[in-house]
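Hello,

Here is the structure we talked about handing over. My notes on it follow below.

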Amino acid sequence: MNLNQSAPPVPPFGQPQPAYLGHHQSSYGGQPGSTTAPTSYGAYNGPVPGYQQTPPPGVSRAPPSSGAPPASTAQGPCGQTAYGQFGQGDVQNGPSSTVQMQRLPGYQPFGSAVLAPVVSQPAVLQPYGPPPTSAQVTAQLAGMQISGAVAPASPPSGLGYGPPTSLASASGSFPNSGLYGSYPQGQAPPLGQAQGHPGAQPPQRSVPPQASSFTPPASGGPRMPSMTGPLLPGQSFGGPPVSQPNHVSSPAPQVLPPGTQMTGPPGPPPPPMHSSQQPGYQLQQNGSYGPTRGPQSNYGSPYPGAAAFGSQPGPPQPLPPKRLDPDAIPSPIQVIEDDRNNRGSEPFVTGVRGQVPPLVTTNFLVKDQGNASPRYIRCTSYNIPCTSDMAKQAQVPLAAVIKPLARLPPEEASPYVVDHGESGPLRCNRCKAYMCPFMQFVEGGRRFQCCFCSCINDVPPQYFQHLDHTGKRVDAYDRPELSLGSYEFLATVDYCKNNKFPSPPAFIFMIDVSYNAIRSGLVRLLCEELKSLLDFLPREGGAEESAVRVGFVTYNKVLHFYNVKSSLAQPQMMVVSDVGDMFVPLLDGFLVNVNESQAVITSLLDQIPEMFADTRETETVFAPVIQAGMEALKAAECAGKLFLFHTSLPIAEAPGKLKNRDDRKLINTDKEKTLFQPQTGAYQTLAKECVAQGCCVDLFLFPNQYVDVATLSVVPQLTGGSVYKYACFQVENDQERFLSDLRRDVQKVVGFDAVMRVRTSTGIRAVDFFGAFYMSNTTDVELAGLDGDKTVTVEFKHDDRLNEESGALLQCALLYTSCAGQRRLRIHNLALNCCTQLADLYRNCETDTLINYMAKFAYRGVLNSPVKTVRDTLITQCAQILACYRKNCASPSSAGQLILPECMKLLPVYLNCVLKSDVLQPGAEVTTDDRAYVRQLVTSMDVAETNVFFYPRLLPLTKSPIENTTEPPAVRASDERLSNGDIYLLENGLNLFLWVGASVQQGVVQSLFGVSSFSQITSGLSVLPVLDNLLSKKVRGLIDSLRAQRSRYMKLIVVKQEDKLETLFKHFLVEDKSLSGGASYVDFLCHMHKEIRQLLS
Ligand SMILES: [Zn+2]
């Protein structure tokens, strides 16, 4: 077998993958790497013992399904409703009923949320891989109103927990958010609002009509530790087996230490009648919880209106409503920390099907043993329902976020390149899937059965190999395509356009030289930078120089082409003023080799700023510029990339001319969607031509005012390009950011003229796609260019029943032209588990990926639907996901308790961040262009990027000892976490703030800013002075390291406490209520709980 040197996306990839000893992967990325000849592949060590594609026989993942929940409802003593969906409600609810019987009416706080312990219940027999990940988190939110809203009437006597009417009164009272105001009282938002959002229309709620019998004791039985705790030995729920795994062999539940979770304002001592309930809780404690002191503090804080709900004598307490303790609700920081601690030390080995990878926030190494690394593919769930009915019931989107050309850390080898010679890669005759580790060889190795479509194919003689006693080819571990999740094939000429091997790609730099571009200093800066940057064009393997050719165009209302042929003494300019009918005035000498033409290019770059220094031209064209670049690539018969540097709304008379149609009055109207839509179809047409030519467009914008990003970004978006935006660009303030982005963008590895296809095994298929690409049919994702930062998100739907034994398989095949002009196929395979129990789905979900998908879904939705509809759709879907869990998987408990699946306990907080993001709920300072810009950025973000983008990282800098060089542990993104004696860094992948508390020690101020007091610190500072002390070095080092982790340069902004800029900073404290009306985390959680209860009732 031949192995070619591959082109790993970033340097230094000189390390062979440990498991593939003897395989040399040449280094890359412009470094003169070793050119050692590839050695044989045979030394690969073989699989780890744990490798298996199917679950080990006999491991029972879950007890048999209970099927659809029966509708019976048993009325427990004291009006306690037992949850009939769990089968024999009376039996299973025995213990809890006992507890509830001992409650007395009247203590139920109404009118505010009740504190409760968050009980994290590590759970479950987990058949595969990692330690149990599923558990229930319960947060008791018995009273739903955060403020105000007191039920108008006393409850019927005897119920004790508030009348059913209180449900209605509870909903609709969500204050101040503006988000939820229009929900009809007591009703969930209408279902099926998703018109215009193909693929995510929530199907008819699957809660059976009988579900109304769930009606919980209104406003909830308060804290229900017994209901959410693990069963004690001997206890039996008798409920649906599906819920059992959550409770089998659970370790002792964790109860947060009292005092740490209850940091709310302490209330007065409990009134006597409250203490009379203690025995009930005492029993709980003796039962399974130990000292459950958390809930008790609830009783210490009476609520206005509490008297209305029981026989409590005496006047209502005048104290303000107590709010839910933020420490008692799931914390992103804690989840991230826990995952780092639990999963960061061991490599993630991909040999086991359906294994949920560590979180994107955890540093871990990957060993490819048959499935694609999570760096390439992440799924919303690694265990997908067998039937579409189950999938619809759960409402959990089944999606994969795929980053086909992801960059890998230096310790991991990039995919091996396999060369099957003239015969090309081996494929299934019927479905055209590529040879992969899941194909089954039969008949002594003479044939193979396709794992995707079951077709039996002949093995070509040159590929024949004997099978061992297990039916595995004896050479399986010598061949990447039989043993690895990811690898590449060299493509034959059959895979090339016009049956001709491609030429190396070209880069064309197209520079706006109108008045604004010249005046801001942009043109001079850019030309200066290009002189050196062109030496770092992407190259492949150990190549001495890049194969990429370059060309140059400048423009304002007209275009100037430059002949930079090496034989010329001086560059020649050719002007094309007929922008209506764009043509390329020269072929020879336009696209050149950088080294050969170095002198002419340098001369040109020296001259451009001078030539236009005195320009008065303010008008620009835009579409003709792209057209010209694309025509030039077409004439040169190559793919390539246009780098456009553009400053203004293209108002000059030309195709694609735009007008200023910005109108903030459209916000929150049905016409708001037009702000996100392009104002003319001309750019889509142009983009289509670009894609056909393999012409990718990267756009650098430098606007001083509205430029209509929504329209200008159409071509970059559809061609797999990137958009960068530097508003009010000034060289002194913004050059570092721009140059850093430019360098990275020019040097990054790109696959050109690419087509991606995702194949699936029978039962599911890819139905929807999100990202920066073009599609001319329903299956092929066409990418004029694809870089290592971009993802394509694919949603799957059932078209048949899946099978637990065989699981579900995905194969992503990307055909592309490398930066050296080599045609290649990159293959990623991933096997997922399938389940007949919903609990298995919820146990194997990945919330970060789910949020990535939901954000993209919503951000596309705003193109066609009112933003409010989009928000409501998200909320409804989230509520349905959680309600389905509650109904089918959680142990029965009072409706007053919010129960979240362990793997999804951050879904509410993260979803709330999406809901109040600038696209879906803009603040007054957010421009239309900002929104369009962010919208298209998020579309191709990977999971790590959306994670930090929606929930920024807030790092305290002065809390830990100054000698401590490790990254400080983050704190939650809330104002409450800021102490005015400290300094914090906040980053979200695009922005970086340094917040300085007003009482920071003088010594710290001196060390970091070189001034003697807080008042002397310049607000808005973007560079920290380089000072020779430990703190200064540490902070600057941390900033550098944060920047290095992100795909775009984050400009620093220093914000002083109580300063004007602080408003901007606080926008990113996403757990707090936002100025634009976005709900706080606590408020949103309460609202979500209400929605869930409505779905269940
Ligand atoms: Zn097939």
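Please keep in mind that this is a predicted model.

I start with two helix pairs. The axes of helix H14 (residues 623–635) and helix H15 (residues 682–693) cross at roughly 20° and come within 10 Å. An angle under 35 degrees counts as roughly parallel, so H14 is roughly parallel to H15. The crossing of H14 past H15 is left-handed. On the H14 side the contact involves Ala623, Ile626, Gln627, Met630, Leu633 and Lys634, which meet Tyr683, Leu686, Glu689, Cys690 and Gln693 in H15.

For helix H20 (residues 847–861) and helix H21 (residues 867–888), the axes come within 9 Å and cross at roughly 150°. With the limit for roughly antiparallel set at over 145 degrees, H20 is therefore roughly antiparallel to H21. H20 contributes Met854, Phe857, Ala858 and Gly861 to the contact, and H21 contributes Val870, Thr873, Leu874, Gln877 and Cys878. Here H20 passes H21 in a right-handed crossing.

Next, the metal site. The zinc ion has as its protein donors the SG atoms of Cys428, Cys431, Cys450 and Cys453, at 2.2 to 2.3 Å. The angles among the four donor atoms are 102 to 116°, and the site is tetrahedral. The donor residues follow the spacing C-x2-C-x18-C-x2-C in sequence. Cys431 and Cys450, 19 residues apart, link distant parts of the chain: Cys431 sits in the loop between strand E12 (417–419) and strand E13 (440–442), and Cys450 in the loop between strand E14 (447–449) and strand E15 (456–458). Cys450 has a relative accessible area of 3%, so Cys450 counts as buried.

Regards

Notes
Residues are numbered from 1 along each chain as its sequence is written. This is a predicted model: local features need pLDDT of at least 70, side-chain atom pairs count only at pLDDT 80 or more; totals for chains, interfaces and linings use all residues. Side-chain values use heavy atoms; hydrogens and water are left out. Donors are N, O and S atoms within 2.8 Å of the metal (3.2 Å for Na, K and Ca); water is not among the atoms, so sites may look incomplete. Four donors count as tetrahedral if all angles lie between 85 and 135 degrees; four count as square planar and six as octahedral if opposite donors are over 155 degrees apart and all others between 65 and 115; anything else is irregular. Helices (H or I, at least four residues) and strands (E, at least two) are DSSP runs, numbered from the N terminus. Buried means under 20% relative accessible area, exposed over 50%, partly exposed in between (1.4 Å probe, protein chains only). Axes are lines fitted to C-alpha atoms, for helices over the stretch in contact, and angles run from 0 to 180 degrees between N-to-C directions. Angles under 35 degrees count as roughly parallel, over 145 as roughly antiparallel, 65 to 115 as roughly perpendicular and the rest as oblique. A crossing is left-handed if the near helix is turned anticlockwise from the far one by less than a right angle, and right-handed if clockwise. Contact means heavy atoms within 4.5 Å.
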